[in-house]
Amino acid sequence: MKLSPTSRYGLRALALIYLFVLLVVPVALIFWRSFEHGLGQFWDWITTPAAISALQLSLLIVVIVVPLNVVFGIATAIALVRGRFRGRGIVQAIIDLPFAVSPVVVGVSLVLLWGYGGWFGGVESLGFRVIFGLPGMVLATIFVTLPFVVREVEPVLREIGTEQEEAAATLGANGWQTFRRITLPAIRWGLTYGVVLTVARSLGEYGAVIIVSSGFPGISQTLTLLVSSRYTDDYNEYGAYAAATLLMLIALLVLVAMTLIERRGLAGRLAKGARRGSTDDPVPTIDPAAEQVPDTTTADKEYAR
């Protein structure tokens with residue numbers, strides 16, 4: 001569909017206004033309120049013992065959740081794209097389930113499974129506490145972040161096809177070598193975007209985590225729970241803004257790091273291509289002085305040596 005210049009500019013203006021009102025204005029307002037009393041006060045709000053403990057716990061959950069989602073997300077995507085088995089549609093629906101189910105429902109279901117009197121509640125008698133502890137928070141975060149890696153890697157696998165993998169197998173490569181040398185480099189950018197989404201959701205998850213967490217500062221309080229506690233329980237409005245700003249800064253650092261990694265990978269590929277191009281053989285030419293074609297057979301022998 002071809003649009004007139006007026007329609008194109010109108011759609012662009014509408015999109016920019018929409019993003020400005022819903023994203024730029026709220027984020028800018030939080031930044032302004034966080035630094036309204038100066039940088040020193042902001043630093044004091046984010047360096048309290050409760051804030052430091054919440055930051056450490058949030059990062060610990062990310063460190064645990066991201067590798068698990070990467071490993072099982074890649075395995076699930078490969079099984080769905082490369083495999084043909086019964087119940088494949090059911091698996092697809094289960095993967096999309098976190099998009100449809102409220103995170104609060106996820107937290108309640110974990111309590112019913114792992115809480116006192118639940119199906120697996122007996123593990124608490126063995127000294128392994130799941131609900132109101134770190135394991136329950138990790139399980140809740142894994143559930144809500146499960147689809148991101150799978151849904152980012154799956155279309156890339158479909159696009160690259162199986163020709164290169166089959167060629168590697170024909171040349172004698174085993175399964176691990178094929179995955180490491182062929183599949184993983186091909187899906188790395190889809191995997192990167194899945195990791196970014198997983199980190200962002202892990203840091204900002206609230207609904208599922210609050211159900212399975214005691215919320216006690218220094219024990220099981222993440223940064224998102226700290227923001228809620230300061231705003232609703234302590235009536236510390238500016239402290240809540242400071243904690244929210246800290247969350248946004250961490251997310252921005254993750255995005256910047258992923259962008260730098262992508263640019264470095266692109267620069268490495270361009271440099272590698274340039275090195276390969278510089279080693280190409282020159283094309284045989286005609287010697288104008290001798291007005292005859294050089295002996296290409298001799299040149300080929302010299303090249304072989």
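Is serine 34 buried or exposed? At 0% relative accessibility, serine 34 counts as buried, where buried means under 20% relative accessible area, exposed over 50%, and partly exposed in between (1.4 Å probe, protein chains only).

## Basis of the report

The model is predicted: local features need pLDDT of at least 70, side-chain atom pairs count only at pLDDT 80 or more, and totals for chains, interfaces and linings use all residues. Residues are numbered from 1 along each chain as its sequence is written, and side-chain values use heavy atoms, with hydrogens and water left out.

## Surroundings of serine 34

Serine 34 belongs to helix H1 (residues 5-34); helices (H or I, at least four residues) and strands (E, at least two) are DSSP runs, numbered from the N terminus. The side chain of serine 34 is joined to that of threonine 245 by a polar contact of 2.5 Å. A polar contact is a pair of N or O atoms within 3.5 Å; within protein, one must be able to donate a hydrogen and the other to accept it, and residues adjacent in sequence count only if both atoms are side-chain atoms.

When neighbours within four places in sequence are left aside, serine 34 is in contact (heavy atoms within 4.5 Å) with Phe42, Trp45, Tyr241, Ala242 and Thr245.

## Nonpolar cores

In soluble globular proteins, nonpolar side chains tend to be buried together. A nonpolar core is here a set of buried Ala, Val, Leu, Ile, Met, Phe, Trp, Tyr and Cys residues joined through side-chain atoms within 4.5 Å. The largest such core has 35 residues, and those with the most contacts inside it are Val153, Leu191, Val199 and Leu223. At least two residues of this core come from each of helix H2 (39-46), helix H3 (49-82), helix H7 (134-160), helix H9 (175-204), helix H11 (223-233) and helix H12 (237-278). The most is given by H3, with nine residues.

Valine 153, leaving aside its neighbours within four places in sequence, is in contact with Ala77, Ile187, Gly190 and Leu191. Another core, of 16 residues, lies apart from the largest one; among its members are Leu57, Val65, Val106 and Met137.

## Aromatic pairs

A pair of aromatic rings is described by the distance of the centres and the angle of the planes. Rings of Phe, Tyr and Trp (its six-membered ring) pair if their centres lie within 6.5 Å; planes under 30 degrees apart count as stacked, over 60 as edge-to-face and the rest as tilted. The count comes to eight aromatic pairs. One of them is the tilted pair of tryptophan 114 and phenylalanine 120, at 5.0 Å centre to centre and 40 degrees between the planes. Tryptophan 114 is partly exposed, at 22% relative accessibility, and phenylalanine 120 is partly exposed at 39%.

The ring centres of tyrosine 231 and tyrosine 241 are 6.4 Å apart and their planes stand at 55 degrees, so this pair is also tilted. Because tyrosine 231 lies in helix H11 and tyrosine 241 in helix H12, the pair ties together parts that are 10 residues apart in sequence. Tyrosine 231 is partly exposed at 46% relative accessibility, whereas tyrosine 241 is buried at 17%. Trp45, Tyr231, Tyr238 and Tyr241 form one aromatic cluster.

## Positive phi angles

Most residues other than glycine have a negative phi, and most peptide bonds are trans. Phenylalanine 132, although not a glycine, has a positive phi of about 65 degrees. Phenylalanine 132 is found in the loop between helix H6 (103-114) and H7 and is partly exposed, with a relative accessible area of 40%.

Tyrosine 235 is likewise not a glycine, yet has a positive phi of about 55 degrees. Tyrosine 235 sits in the loop between H11 and H12 and is exposed, with a relative accessible area of 69%.
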